[in-house]
Amino acid sequence: MRRLFPVTDMTALNPQVSDADREWSLDELADAYAYPEGEERWLRANMVSSLDGAGQHEGRSQPLSSDADMRIFGALRGLADVVVVGAETVRLEGYRPARAREAFAARRAAAGQGPAPVIAVVTASLDLDLSLPLFASPLVPTLVLTGAGAPAGRLAAARDAGVEVLLAGEGAGVDPARAVALLAGRGLRRQLTEGGPRMLGQFTAAGVLDELCLTVSPTMTAGDAQRIAHGPSLAHPTRLGLASLLEQDGFLFSRYRRI
């Protein structure tokens, strides 16, 4: 892997004299993707896109990924206090509880973090399979974010199953600003969302997204897959600034921050 931006070593631009083929350690990746200090909360998204703009292939992101992309995926989780994910993505991607990883144990302990990030599932309908390990046997208790108008029967069933439900909206849906504030109020200030596209579109429209980690996969998919963010258009496009750019095997790993 090589760093293309910011350029700290001019040899990185020449693969013949750089260590572009060397796999970065998890510590190096963690340093490269460290959360900024001094922020009350910071929400970053981690997404992958094909060259022709698809965020998924046949409903899943895995076909667009690579070994390096999955290492960055693991590093971002290893740094986060909480992973915020939509219920549809939980169903499509077969989400399991986050696991403790020895490679991040010392770093997390030094930062006062638990052994693994909390998974927070955003859902308006509460249509969840509560028997899944994500809810029934997580290392760290899974949270559910919904609105005050969620179906009463499903709300009661979730609470009866021991799932902690946070009300983050007045109606059936979730207010993104309230959701991130509720999580930050619980000390979960290093926030990571992994989608899906509809939820990322809502969080973008609400103006609560601070950072986008976008993997550009050197693939073409065609088809009618959604982009990484889906929903109503913004009145004015949101402009982000490039913070870093890495490359390996034709995959580009970009990181953009709010300006």
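1. Ala222 is exposed, with a relative accessible area of 54%, where exposed stands for over 50% relative accessible area, buried for under 20% and partly exposed for what lies in between, computed with a 1.4 Å probe on protein chains only. Although Ala222 is not a glycine, its phi is positive, at about 55°, and the residue sits in the loop between strand E8 (211–216) and strand E9 (240–248). Helices (H or I, at least four residues) and strands (E, at least two) are DSSP runs numbered from the N terminus.

2. The structure is a predicted model, in which local features need pLDDT of at least 70 and side-chain atom pairs count only at pLDDT 80 or more, while totals for chains, interfaces and linings use all residues. Residues are numbered from 1 along each chain as its sequence is written, and side-chain values use heavy atoms, with hydrogens and water left out.

3. Asp249 belongs to the loop between E9 and strand E10 (251–258), and it is exposed, its relative accessible area being 62%. As background, most residues other than glycine have a negative phi, and most peptide bonds are trans.

4. One runs from Phe5 to Pro6, with omega near -5°, and Pro6 is placed in the loop between strand E1 (2–5) and helix H1 (26–32). Another joins Gly195 and Gly196, with omega about 10°, and Gly196 falls in the loop between strand E7 (190–193) and helix H8 (197–205).

5. Ser66 lies in the loop between strand E2 (42–49) and H2, and counts as buried at 18% relative accessibility. Its side chain reaches the backbone nitrogen of Asp69 at 3.1 Å. Leaving aside residues up to four places away in sequence, Ser66 touches Phe251 and Phe253, contact meaning heavy atoms within 4.5 Å.

6. Helix H2 (residues 67–79) has 13 residues and spans 19 Å from its first C-alpha to its last, close to the 18 Å expected at 1.5 Å a residue, the expected span being 1.5 Å times one less than the number of residues. Among the buried residues of H2 are Ala68, Asp69, Ile72 and Leu76.

7. The unreviewed UniProt entry carries the annotation "domain: Bacterial bifunctional deaminase-reductase C-terminal" over residues 41–243; such annotations may be inferred rather than shown by experiment. Over residues 41–243 the chain is 30% helix and 20% strand, with the end C-alpha atoms 18 Å apart.

Methods: A polar contact is a pair of N or O atoms within 3.5 Å; within protein, one must be able to donate a hydrogen and the other to accept it, and residues adjacent in sequence count only if both atoms are side-chain atoms.
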